[in-house]
Amino acid sequence: MITVNPDGKIMVRRCLVTLRPFRLFVLGIGFFTLCFLMTSLGGQFSARRLGDSPFTIRTEVPGGPESRGALRKMSDLLELMMKRMDMLARLENSSELHRTASVAQVAADRLTPGASLIERIQAIAQNVSDIAVKVDQILRHSLILHNKVSEGRRDQCEAPSDPKFPDCSGKVEWMRARWTSDPCYAFFGVDGTECSFLLYLSEVEWFCPRLPWRNQTAARTALKSLPRVQAVFRSNLSHLLELMGSGKESLIFMKKRTRRFTAQWTKAAKYLAQKLGDIQRDQKQILVHIGFLTEESGDVFSPRVLKGGPLGEMVQWADILAALYVLGHSLRITVSLKELQSNLGVPPGRGNCPLTVPLPFDLIYTDYHGLQQMKQHMGLSFKKYRCRIRVIDTFGTEPAYNHEEYATLHGYRTNWGYWNLNPKQFMTMFPHTPDNSFMGFVSEELNETEKQLIKDGKASNMAVVYGKEASIWKGKEKFLAILNKYMEIHGTVYYESQRPPEVPAFVKNHGLLPQPEFQQLLRKAKLFIGFGFPYEGPAPLEAIANGCIFLQSRFSPPHSSLNHEFFRGKPTSREVFSQHPYAENFIGKPHVWTVDYNNSDEFEAAIKAIMNTQVDPYLPYEYTCSGMLERINAYIQHQDFCAGPSPVPPGASTAQSPFVLAPNATHLKWAQNISSVPGAWPPTHSLRGWLAAPGRACTDACLDHGLVCEPSFFPFLNSQDAFLKLQVPCDSTEWEMHHLYPAFAQPGQECYLQKEPLLFSCAGASTKYQRLCPCRDFRKGQVALCQDCL
């Protein structure tokens, strides 16, 4: 005899009393959906054809995608039902608060089972998608069993001994022991049999040869690519704003910036279109994944947008998105891990398997957070497709930190390096690291009328302090007191209710200003003064573009990862001699003054001199919309890190040397009777080879001669012939892995050539070596491009 628990009767009775008619209707829909789910799955089992391969189910079996789509729709329906019931429960809770105490007690008893039902429906909604994957795996397993019965020969699989696939047998052994370690293997049809191992290792991964009885034609057909579409410049950015999404303060800030610059982007697009003429440009499929905005990375920036937090990264990302869109490329933008996985085609599991489909994107722009997320979830596909990735990297990554083995052996390993990418795949905010590519951002460009209005409206004694966070002002009373003798000081320090105590009373603090109002403040000011932090932000360029003089501190000794906490752990040994090295070195006086703040007399003398100095608004071309479009377009059209090795392998001898010694016998240049190497970019005829002084980095050696270091030219100089032409006496020549090579060492008269191409580096110096440096010319106002790079 079946007994019924009295508590169960009470629970059901309370549930029926608590649930309103609409709730009963919704609950009924939920149970009906579950019944339909089971019926549908049963139909799918009967609809499968028994002779299909486990690796072709998804594409060859009718109803497979439809069943998964139905499961997803049911999951969405259950989730919606849960939200509706949760909302009704909250409404009922709020109404119960107004009842009498005794009635409230009864209501509390009633609500308990209702809440339990909501939690159960929520759990169902969360697990339906998992059920879909498991059902798909069961179907695959079932078909594998049928295949064994119908085609016994297929179960006679052995790991082939093929010298072209030396790792095959070892991978099969690994699969035998570990195939259950990640559900993704079962997703691809692995079931513990030798055949399933070999099918996976030959068709999903590429460690084993394809089995003879598999369909070879299907594999070749899958490699066909779609016809290319030509890129067309865009002037309407409304669709881009939709692609950027919403819901985060950081995205709202980026969209406002994009709207504000729309007219300038449109004007720049017309200018570049005329400049390029009839040059055809392929439209690229581009994924932009902003990793630092994902919840998984913490998204520390969004909550601080309205509280004076750093905006430099968001400024740059907004401009990158605008430039790529205006150039006419097809964009996908993701700011969550779930979106990233969906766009890449990541299989379910722990990230050990390749993508389910070939990567549909020609290029991926991301940051270090996104790079880590992709490596974690793309499996072997990350190594296969990493040449398509471009990493937005504010402070740069030097080759010694990028090469995993070398960084580990020589103490250059940090939390952000060792990716083994081509160093040019890292893209910086300023052109401080020629080993990387200079991405940049844009500032507002003024016409002549606007420039004259600014000059006429300038206050002769008004200064604005660079620093929105109160901590930047701490300990700066001495400088501010001197400045206050000559100028009216304004600040834009964030505060909620009380004035920050770090800001002196004589400073007029406007609080955190929206960008347009901040621009108006800069247009009135004479001076924009920095106190040493933040480093290398966009604000000084905006101030100079609005007619301000920028005053900054000189660092002695220079700041670096060796002596300053901010740079510690960053993958660079670069020494920073001022708050904004680009402003100091590429703009300079009269727009930029760099002084020793520890010397009060020098500081006060600079203030007096600035009071008597008149400047026009100035913006370097490379930070205009036109300059950024030109630069990014050149990168997209010419940078290809997926191509094979360099046309001339390092150290290879040629029938005729491409170099000649310059007439003054100081450096090498490309011979006029030798054509440039096909496919090389920048063109090799712009190469100039210099032997640096001992202890001098190639970055500095090239700048000394009015040139920039070009790391892509290292393979052409990495030869005994280059030393011979420069009349360097090499008693011996060694090939070694070192980020300072090629180089000449004294004493000993030894010449060293680079063994590892990823370690070619413009950065780095030692008093022991004279480095052999590849330099090139550059376009005025566009240091990233050589004279003939367009």
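Predicted model: local features only at pLDDT ≥ 70, side-chain atom pairs only at ≥ 80, totals over all residues.

User: How many disulfides does the structure hold?

Analyst: The structure holds nine disulfides. Let's pick a few of them.

User: What makes Cys168 and Cys208 a disulfide?

Analyst: Their sulfur atoms sit 2.0 Å apart. The cut-off is within 2.5 Å, so a pair of cysteine sulfurs at that distance counts. As for where they are, Cys168 lies in helix H6 and Cys208 in the loop between H8 and helix H9, so the pair ties together parts that are 40 residues apart in sequence.

User: Why is the disulfide of Cys168 and Cys208 called right-handed?

Analyst: Look at the torsion about the S-S bond: for Cys168 and Cys208 it is about 105 degrees, so the disulfide is right-handed. Both cysteines, Cys168 and Cys208, are buried, by the way.

User: And why is the disulfide of Cys709 and Cys762 left-handed?

Analyst: There the torsion about the S-S bond is about -80 degrees, so Cys709 and Cys762 get the left-handed label. This pair links distant parts of the chain, 53 residues apart: Cys709 is in strand E17, and Cys762 is in the loop between strand E20 and strand E21.

User: How do you know that Cys709 is buried?

Analyst: Cys709 has a relative accessible area of 3%. Buried means under 20%, so Cys709 passes. Cys762, at 0% relative accessibility, counts as buried too.

User: What about Cys730 and Cys751: what joins them?

Analyst: A disulfide does, with 1.7 Å from S to S, which is within the 2.5 Å cut-off. The link of Cys730 and Cys751 is left-handed, with -70 degrees about the S-S bond. Cys730 is in the loop between helix H28 and strand E18, while Cys751 is in strand E20.

User: Why does Cys730 count as partly exposed?

Analyst: Cys730 has 28% relative accessibility. Buried would need under 20% and exposed over 50%, so Cys730 lands in between and counts as partly exposed.

Methods:
Residues numbered from 1 in each chain as written. Heavy atoms only, no water. Helix = DSSP H or I, 4+ residues; strand = E, 2+ residues; numbered from the N terminus. Buried < 20%, exposed > 50% of the residue type's maximum accessible area, 1.4 Å probe, protein only.
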